[in-house]
Structures are given as structure tokens and as C-alpha cells.
Amino acid sequence: MSTAIDAAPPPMWSRVRSHWPLIAIVVLISLLLSMILTWLLRPPVYTAEARLAVGSGQMTALNIPGYPTASEAMASNYARWVNHQGVQGELAPEGTIELSASPIVESNVLRVEATSLDPQIAVAAADEAADLLMEGVNQVADFNDPEALIAEIRDQVAPLLVARQEARDAESAYNDLLDSDASPAQVSTAFDTLVAAQQELVTLELEQDGRRDRFRSLTSSRSTEANLVEVSPAQIVGDDRASTIQRNTFLAALAGLGIAAGIVWLGERRRDSPRAGDKPRAGDKARASYKPRAGDKARAGDKARAGDKTRAGEKQ
């Protein structure tokens with residue numbers, strides 16, 4: 001008696017592949033929702049950039065030994081003056097998200113960048129930071145300018161000569177009083193005048209000597225072309241909308257694949273599990289209730305005895 005053999009269920013991967021339209025629809029919906037929500041709910045962050053350069057930019061500066069390397073190092077040092085709070089303690093305009101500066105590799109140019117949700121605030125913050133940085137650097141350079149220093153030395157020559165003459169006059173008046181029959185009060189007053197004149201002279205001479213020493217040091221070791229000049233004013237160079245959409249789209253695709261895989265897995269599991277209302281098939285009932293009959297047992301016994309007799313005759 002023949003019985004029907006049930007076919008094995010297909011592999012899970014084959015069944016998942018059969019649901020690719022559902023997976024594609026779920027992923028597509030996730031991508032569309034991500035793009036729409038990003039566009040509507042997430043405003044772009046604008047970036048403004050201003051560029052400054054070390055030196056006047058004249059070709060003659062390039063002939064100075066070591067100038068290209070030194071200017072690149074100075075650009076890197078000047079960039080450290082800028083942080084997220086501003087330049088030299090000055091706060092960035094309200095609404096600025098981030099403020100930074102960085103040197104451009106292998107050049108004497110540095111960029112000052114500001115980010116904000118408002119493009120006008122970003123431009124204003126970058127411009128203000130660039131101006132403050134130029135002002136601070138150039139003030140230090142002007143203070144150490146040998147030409148300005150020598151002019152200051154010349155301006156202090158006349159006050160120094162006046163102080164020397166006053167000191168000599170005070171000394172002469174004091175000596176005259178000592179040789180005369182002046183009262184002690186007059187001598188004391190002349191002495192105080194002499195002391196004050198000498199103190200003023202010493203102060204001016206020390207200041208002038210300090211200027212001379214600083215001038216000698218600057219003329220022997222000063223690096224020229226150290227000022228900052230503006231290369232380009234602040235302008236908007238981009239925003240992060242495209243990168244944000246790309247990032248959120250990638251995450252939405254992963255989420256859509258996960259949701260679709262969960263839906264398919266739950267559907268296949270539900271289909272494989274027997275339901276309470278399902279009835280067993282007729283063939284299953286027949287196989288479950290089949291019992292051998294007595295005639296079948298007798299026929300099976302006759303066949304066994306006949307086979308035994310045949311083997312016995314063959315032996316004889």
C-alpha cells in the first residue's frame with residue numbers, strides 16, 4: 001500500500017526573497033520619510049570663511065632665507081589665537097554655533113570659519129574674528145617694529161637733554177648755596193630739588209637704554225613680513241544640509257531593512273505554526289487510524305512459512 005510523502009518546506013532565505021516587493025516598499029517609505037522630516041524639521045547650519053595671510057604678499061619676501069617655512073609656522077601659531085568663544089577674550093556674535101581657525105597646509109594662509117543657523121550671523125562672526133585677529137597680531141608686530149622704535153628713541157632725545165640740563169642746574173644751585181651763608185632751610189630745599197632732578201634723569205636714561213637694547217635685539221633677530229593681511233573677506237562656503245540628508249538616509253535605509261525583516265519573519269513564523277482552528281487532512285486521519293487486519297497477518301504468516309519450506313528443500 002503506497003502513502004503520499006509531504007514535500008519539505010522551502011528554505012527561509014527563499015521565502016524571504018519571495019517578499020522582496022514588501023521589503024522594497026518599506027525601505028522606500030523609510031527613505032522618503034527621512035528626507036522629508038530632515039528637510040522640514042532640521043534647519044541647515046551655514047559655514048562662513050574668511051582667509052588671512054602672513055606677510056604683505058610681495059614676491060621679494062620669498063627671497064628671504066627660511067621665509068616660506070617661517071610664515072607657514074606663524075600662520076599655524078596665529079590660528080591658535082581663535083577658539084570657540086572668540087578672539088582675545090572677545091565673544092563671538094550671539095547665534096554663533098562654532099568659531100575656529102586653521103592653517104592651510106603648505107602655505108602662509110589661514111582660514112577663519114564660523115557656523116550659525118543664520119548665514120548673515122555666520123558671515124559677521126567670521127569677519128569680526130578675522131578683524132580682531134589681524135588687529136591683535138599687527139599691534140604686536142607694530143610694537144616690535146624697528147622703524148617705529150627708532151622714531152620713539154629720537155622723540156625721547158629732547159626730554160632727556162632737558163632733564164640733564166635741569167639736573168646740572170639743580171646741582172649748581174645746591175653747590176652755590178653750600179658756599180654761601182644760606183640758611184639750612186634753603187640748602188635743604190635745593191637738595192630736594194637736586195634729588196628730584198636726578199631721579200627724573202635716571203628714569204629717562206633707563207627707559208632710553210631699554211629702547212636701545214630692544215632696537216638692537218630686533219634688528220639682529222626680527223623676522224620680517226610677520227603681519228596679517230586679508231586675502232578674502234568672509235563669505236558663505238556651504239552648509240551641512242546635504243551631509244545631514246545623506247547620513248539620515250543611510251540610517252533610514254538600515255531602519256527600513258530591519259522593519260521589513262521583522263515583518264517578513266513574523267509572517268513566516270505565523271504561517272509555519274499550526275492554528276487552533278485548522279482541521280487535520282483526510283490522509284493524515286487515514287494514516288493515523290490504520291490498523292492491520294487479521295487476514296493481512298495470516299497472509300504475511302503464510303508467506304513466511306512458504307519461504308522457510310523453500311529454503312529447506314534447497315538445502316536437502
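Q: Over how many bridges do E5 and strand E6 pair?
A: This is a predicted model, in which local features need pLDDT of at least 70, side-chain atom pairs count only at pLDDT 80 or more, and totals for chains, interfaces and linings use all residues. Residues are numbered from 1 along each chain as its sequence is written, and side-chain values use heavy atoms, with hydrogens and water left out. Strands (E, at least two residues) are DSSP runs numbered from the N terminus, as are helices (H or I, at least four), and two strands pair if DSSP finds at least two bridges between them. E5 and strand E6 (residues 109-116) are antiparallel, and their bridges number 7.

Q: Which residue in E6 is the bridge partner of Ser100?
A: Strand E5 spans 96-103. The bridge partner of Ser100 in E6 is Glu113.

Q: Which strands stand at the edges of the sheet?
A: The open sheet has 4 strands, in the order E5-E6-E1-E7, with antiparallel pairing. An edge strand has a single partner strand, so one side is left without a neighbour in the sheet. The strands at the edges are E5 and E7 (228-239).

Q: Why is the pair of Tyr174 and Phe191 tilted?
A: Rings of Phe, Tyr and Trp (its six-membered ring) pair if their centres lie within 6.5 Å; planes under 30 degrees apart count as stacked, over 60 as edge-to-face and the rest as tilted. The structure holds 1 aromatic pair. The ring centres of Tyr174 and Phe191 are 5.6 Å apart, and the pair is tilted because the planes stand at 55 degrees.
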